[in-house]
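Visitor: I am new to reading protein structures. Could you take me through one, feature by feature?

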Amino acid sequence: MTRTLASAPIMVLNGPNLNLLGQRQPEIYGSETLADVAALCAATAARHGGTADCRQSNHEGQLIDWIHEAREHHAGIVINPGAYSHTSVAILDALNACDGLPVIEVHISNIHRREAFRHHSYVSARADAVIAGCGVQGYAFAVERIAALLDAGAR
C-alpha cells in the first residue's frame with residue numbers, strides 16, 4: 001500500500017529535553033514550546049490534507065518503539081533526536097528498517113556552529129534531508145518536504 005498524507009499521519013518525534021522547549025536555554029532554542037511545535041506541524045500537514053502525530057520522549061527505547069510503529073502506520077517521520085543524534089546507533093538502525101518511508105532530521109539550532117561533538121549525527125546517515133538552524137520553523141520545512149516527497153512518489 002502506498003501511503004499518502006491523506007491516508008496516514010506524519011510522525012513527529014522529539015528526543016530528550018525537548019519537553020523543556022521555551023524554558024531551557026531560550027538563547028539557543030527560542031521561546032516556542034513543544035505545544036507550539038505540535039501546532040505548527042499540525043497546521044502544515046493540514047495544508048496538504050494530512051495530520052501530524054507529535055510525540056516526545058527522554059527515553060531512547062521509547063523513540064525506537066515509535067519508529068517501529070511509524071514503519072507500519074505513518075506516511076513519514078520528522079525526527080529531532082536531540083542529543084541522541086550524536087550517540088544512538090540504535091535509533092539509526094530503527095530508521096534504517098523504515099524502507100520507503102521518508103525521514104527528515106530537524107535541529108532547532110545550527111549544530112555545526114556549536115560544540116564539535118554536535119557536528120556528527122548518526123541519524124543523518126538515514127535522513128532524506130537534514131534541517132538545522134531554522135528554529136522551530138525547521139519542523140514546518142520538514143513536513144513540507146515530506147509532503148513534496150510523497151506527492152512526487154519519490155519514496
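Guide: We will go through the sheet, the helices and a few residues in turn. Keep in mind that this is a predicted model.

Visitor: Let us begin with the sheet. In what order do the strands lie?

Guide: First the general idea. Strands of a sheet pair through backbone hydrogen bonds, either parallel or antiparallel. Here five strands make an open sheet, and the order is S2-S1-S3-S4-S5. The pairing is parallel.

Visitor: Which strands are the edge strands?

Guide: Strand S2 (52-56) and strand S5 (129-132) are the edges. Each of them pairs on one side only. On average, neighbouring strands of the sheet are turned by 15° against each other, direction ignored.

Visitor: How many bridges link S1 and S2?

Guide: Five bridges link strand S1 (residues 10-14) with S2, in the parallel sense. Take Val-12 as an example: its bridge partner in S2 is Cys-54.

Visitor: Where do the side chains of a strand point?

Guide: In a regular strand the side chains alternate between the two faces of the sheet. Look at S1. Ile-10, Val-12 and Asn-14 point one way, while Met-11 and Leu-13 point the other way. All of these are buried. That gives five buried residues out of five in S1.

Visitor: And S4: are its faces covered or open?

Guide: Both faces of S4 are covered. On one side sit Val-103, Glu-105 and His-107; on the other, Ile-104 and Val-106. Each of these residues is buried. Strand S4 (residues 103-107) thus reads as mostly covered, with five of its five residues buried.

Visitor: Now a single residue. Is Asn-14 buried or exposed?

Guide: Asn-14 lies in strand S1. Its relative accessible area is 2%, so Asn-14 counts as buried, since the cut-off for buried is under 20%.

Visitor: Which residues stand opposite Asn-14?

Guide: In S2, Gln-56 stands opposite Asn-14. In S3, the residue opposite Asn-14 is Asn-80.

Visitor: What else does Asn-14 touch?

Guide: Leave out residues up to four places away in sequence. Asn-14 then touches several others, including Leu-34, Arg-55, Ser-57 and Leu-63. Tyr-139 is also touched, and the side chains of Asn-14 and Tyr-139 make a polar contact of 2.5 Å.

Visitor: Next, the helices. How do I describe two that pack together?

Guide: Two packed helices are described by the angle between their axes and the distance between the axes.

Visitor: Which residues meet between H3 and H4?

Guide: H3 brings Glu-60, Leu-63, Ile-64, Ile-67 and His-68. H4 brings Ala-90, Ile-91, Ala-94 and Leu-95. By class, the contact has seven nonpolar residues, one polar and one charged.

Visitor: How do sequence distance and distance in space compare?

Guide: Check two pairs, C-alpha to C-alpha. Glu-69 and Cys-98 are 29 residues apart in sequence and 9.8 Å apart in space. Gln-25 and Ala-8 are 17 residues apart in sequence and 34 Å apart in space.

Visitor: Where is Gln-25 found?

Guide: Gln-25 is in the loop between S1 and helix H1 (26-29). Gln-25 is partly exposed, with a relative accessible area of 30%. Asn-17 lies in the loop between S1 and H1, and counts as partly exposed at 33% relative accessibility. Phi of Asn-17 is near 75°, a positive value in a residue other than glycine.

Methods. Residues numbered from 1 in each chain as written. Predicted model: local features only at pLDDT ≥ 70, side-chain atom pairs only at ≥ 80, totals over all residues. Heavy atoms only, no water. Contact = heavy atoms within 4.5 Å. Helix = DSSP H or I, 4+ residues; strand = E, 2+ residues; numbered from the N terminus. Nonpolar A, V, L, I, M, F, W, Y, C, P; charged D, E, K, R; others polar. Pairing = 2+ DSSP bridges. Axes fitted to C-alpha atoms, helices over the stretch in contact; angles between N-to-C directions. Buried < 20%, exposed > 50% of the residue type's maximum accessible area, 1.4 Å probe, protein only. Polar contact = N/O pair within 3.5 Å; in protein donor to acceptor, adjacent residues only side chain to side chain.
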